[in-house]
Amino acid sequence: MITFEGVAKRYRNGREALSNVNLHVAPGEMVFLTGRSGAGKSTVLKLIALLERPTRGQVSVGGENTGRLKARRVPAFRRRVGVVFQDHRLLIDRPVFDNVALPLIVADSSLKEIDKRVRAALDQVGLRGSERVLPAELSVGEQQRVGIARAIVSRPPILIADEPTGNLDPQLATEVMALFRRLNEVGVTVVVATHDLHLVRESGLRQLVIENGRIAGSEPAGALPVIEARR
Amino acid sequence: MSGPGSYFARHTHALFSSAGHLARAPIATTFTVVVMGLALALPLGLDVLVRNVRAATADFSGAVSISVFLKPGVAEARAAQLARSARERPGVAAVELITATQALAQFRAQSGFGAALDALDANPLPHALVVTPRPANSSPADMESLRRYLAAWPEVDAVQLDGDWVARFNALLALLRRALLVAAGFLALGVVAVVGNTIRLEIRNRRAEIEVTKLVGGTNGFVRRPFLYTGALYGLLGGLTAWLVVAVTLVLLGPTAARLAQSYGSPFVLAGPGARELGLLLGFGTLLGWIGSWLAAARHLARIEPGSG
């Protein structure tokens with residue numbers, strides 16, 4: 001599903017965020033990216049979501065070599081990857097419903113379909129009934145769940161999250177992580193970048209440790225994708 | 001999932017979303033619309049002025065005529081025949097035959113040389129035709145064509161084109177019309193620049209929203225759409241403002257112009273822009289707003305990417 005082969009990324013300011021990264025995330029797997037701030041976790045996610053392109057090497061997502069993807073096909077590609085940010089990136093002047101509906105609106109979904117799917121997504125994150133509420137009227141945890149609802153509303157096969165629990169208290173963090181596990185259990189490939197090693201250990205899932213722009217290790221080594229492990 | 005219904009719904013959504021953005025910033029919107037309205041009002045006002053001057057003077061088309069002097073010795077019956085021939089020519093409104101006898105009587109009455117004229121053995125004046133073209137056939141080219149036609153008759157001694165001042169006046173009006181077109185062209189550029197700059201600022205203010213929209217798979221076309229509607233709405237409102245400015249000006253000037261016309265014995269009243277002009281103005285304003293916003297959006301939106309912030 002996601003493959004990095006000899007990937008390097010150097011930003012315009014000259015900073016080399018990744019160098020010679022090789023990784024593979026199988027379809028239906030849930031994996032954590034861990035490491036210190038500035039280690040390169042966010043860059044890996046940006047390369048998966050095609051917010052950046054590699055300087056060297058090859059990134060394949062869902063069978064697409066993202067480095068060769070033409071600009072006009074990028075929007076369609078991005079619709080297949082749900083992204084959750086630590087800072088939520090919600091539209092503050094739009095109610096929850098409009099925020100969550102955005103991926104469906106850009107995909108030309110019918111109004112009926114939008115209504116059905118948005119309510120289903122809000123149901124999944126426990127925010128049914130908050131459709132007309134503005135993000136500023138919600139708690140940080142609720143805002144994060146709106147961000148997650150937006151990421152999953154179009155049912156993308158891949159979900160990536162950058163420090164999704166960074167601003168949450170332990171109980172909310174556990175709830176959010178449980179939500180990701182539930183999505184993963186229905187076949188969504190999930191990649192989560194996090195500092196929270198406690199949550200990672202508690203999950204028992206594979207983590208890729210990134211240090212100074214390189215994969216420093218994989219724990220537990222050789223862990224199977226959850227779908228395969230359940231078989 | 002998509003279809004004609006959702007296409008219409010998308011555009012309706014973009015239109016109402018743009019209208020909402022304008023309504024939520026009433027002061028900024030008003031300033032932009034007033035600037036555009038004044039810019040569009042100037043060419044509209046000039047156009048109204050030119051049309052009113054033409055209506056008031058009717059291009060002085062009735063004042064243009066050609067005097068045709070026949071050779072001495074041409075019989076009066078032949079002169080009458082020539083007058084009938086001239087009347088049958090397309091573009092001729094009227095032909096008046098002034099016989100030598102009538103001309104002498106007029107001269108005698110108007111010149112005060114009655115006694116001197118009595119001393120003459122014979123009437124020295126020729127028969128003459130005064131040919132008046134139709135208003136639609138009073139252009140310099142038409143007049144020259146008619147002059148050549150009349151001068152080619154063997155019975156004609158001389159042809160005199162009356163009303164050079166009318167030609168000069170019409171040339172002045174033509175110059176004004178040309179100036180109107182040039183001014184309209186430059187002011188249209190100004191309107192495009194105003195809308196373009198407004199949309200540029202709007203794009204800057206909504207950068208976060210644009211990034212999120214692209215992040216979830218929004219195409220440049222999708223992101224551009226509300227800005228295009230915003231520009232078009234600015235143009236539409238600017239056109240409406242221009243119409244109001246000119247209409248109010250005409251209301252204020254109308255009574256004074258009517259009194260001036262009355263002093264010349266004319267029933268003339270100022271005419272404002274009609275429904276056709278209003279339609280053209282609104283359409284033109286909308287088009288200019290659309291162009292301005294499209295130029296700004298094409299230039300600035302492509303640079304904004306979710307990872308570029």
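In the predicted model, Arg94(A) and Asp93(A) are paired in a salt bridge, with 3.9 Å between the closest N and O atoms. A second salt bridge of chain A joins the side chains of Glu131(A) and Arg128(A), at 3.5 Å from N to O. Here the acidic residue, Glu131(A), is buried at 8% relative accessible area, and Arg128(A) is partly exposed at 47%.

In chain B, Arg148(B) forms a salt bridge with Glu144(B), and the closest N and O atoms are 3.3 Å apart. Both residues belong to helix H6 (residues 140-151) of chain B, where they are four residues apart, about one turn of the helix. In an α-helix there are 3.6 residues a turn, so residues three or four places apart point the same way. Arg148(B) is exposed, with a relative accessible area of 56%, and Glu144(B) is partly exposed at 27%. Salt bridges with shared partners also link Asp93(A), Arg94(A), Glu202(B), Arg206(B) and Glu209(B) into one network. Over all chains, the search of the whole structure finds 23 salt bridges.

One member of that network, Glu209(B), is also among the buried residues of H8(B). Helix H8 (residues 207-215) of chain B is mostly covered, with seven of its nine residues buried. Besides Glu209(B), the buried residues are Ile210(B), Glu211(B), Val212(B), Thr213(B), Lys214(B) and Leu215(B). Just after this helix, Gly217(B) has a positive phi of about 105 degrees.

The largest nonpolar core contains 45 residues, of which Val100(A), Val118(A), Leu159(A) and Phe180(A) touch the most other members. At least two residues of this core come from each of several elements of chain A, namely strands S3 (30-34), S7 (158-162) and S8 (189-193) and helices H3 (96-106), H4 (111-124), H5 (140-152), H6 (170-185) and H7 (197-203). H3(A) provides the largest share, eight residues. In soluble globular proteins, nonpolar side chains tend to be buried together. Leu104(A) also lies in helix H3 of chain A and is buried, with a relative accessible area of 1%. Between the C-alpha atoms of Leu104(A) and Glu137(A), which are 33 residues apart along the chain, the separation is 24 Å.

Positive phi values also occur in chain A at residues other than glycine. Asn20(A), which is not a glycine, has a positive phi of about 50 degrees. This asparagine, Asn20(A), lies in strand S2 (residues 16-25) of chain A and is partly exposed, with a relative accessible area of 46%. Leu50(A), likewise not a glycine, has a positive phi near 60 degrees. Leu50(A) sits in the loop between helix H1 (41-48) and strand S4 (56-61) of chain A and counts as buried at 4% relative accessibility.

Two helices of chain B contain kinks. Helix H2 (residues 26-57) of chain B has 32 residues, and the distance from its first C-alpha to its last is 44 Å, close to the 46 Å expected at 1.5 Å a residue. In H2(B), a kink of about 25 degrees is located at Ala41(B), shortly before the proline Pro43(B). Helix H9 (residues 220-263) of chain B has 44 residues; its end C-alpha atoms are 63 Å apart, which agrees with the 64 Å that it should span at 1.5 Å a residue. The kink in H9(B) is about 45 degrees and lies at Leu253(B), shortly before the proline Pro255(B). Gly265(B), which follows H9(B), has a positive phi near 75 degrees.

How values were computed:
Residues are numbered from 1 along each chain as its sequence is written. Chains are lettered from A and ligands numbered from 1 in the order in which they are written. This is a predicted model: local features need pLDDT of at least 70, side-chain atom pairs count only at pLDDT 80 or more; totals for chains, interfaces and linings use all residues. Side-chain values use heavy atoms; hydrogens and water are left out. The expected span of a helix is 1.5 Å times one less than its number of residues. The bend at a residue is the angle between axes fitted to the seven residues ending there and the seven starting there. A nonpolar core is a set of buried Ala, Val, Leu, Ile, Met, Phe, Trp, Tyr and Cys residues joined through side-chain atoms within 4.5 Å. Buried means under 20% relative accessible area, exposed over 50%, partly exposed in between (1.4 Å probe, protein chains only). A salt bridge is a side-chain nitrogen of Lys or Arg within 4 Å of a carboxyl oxygen of Asp or Glu.
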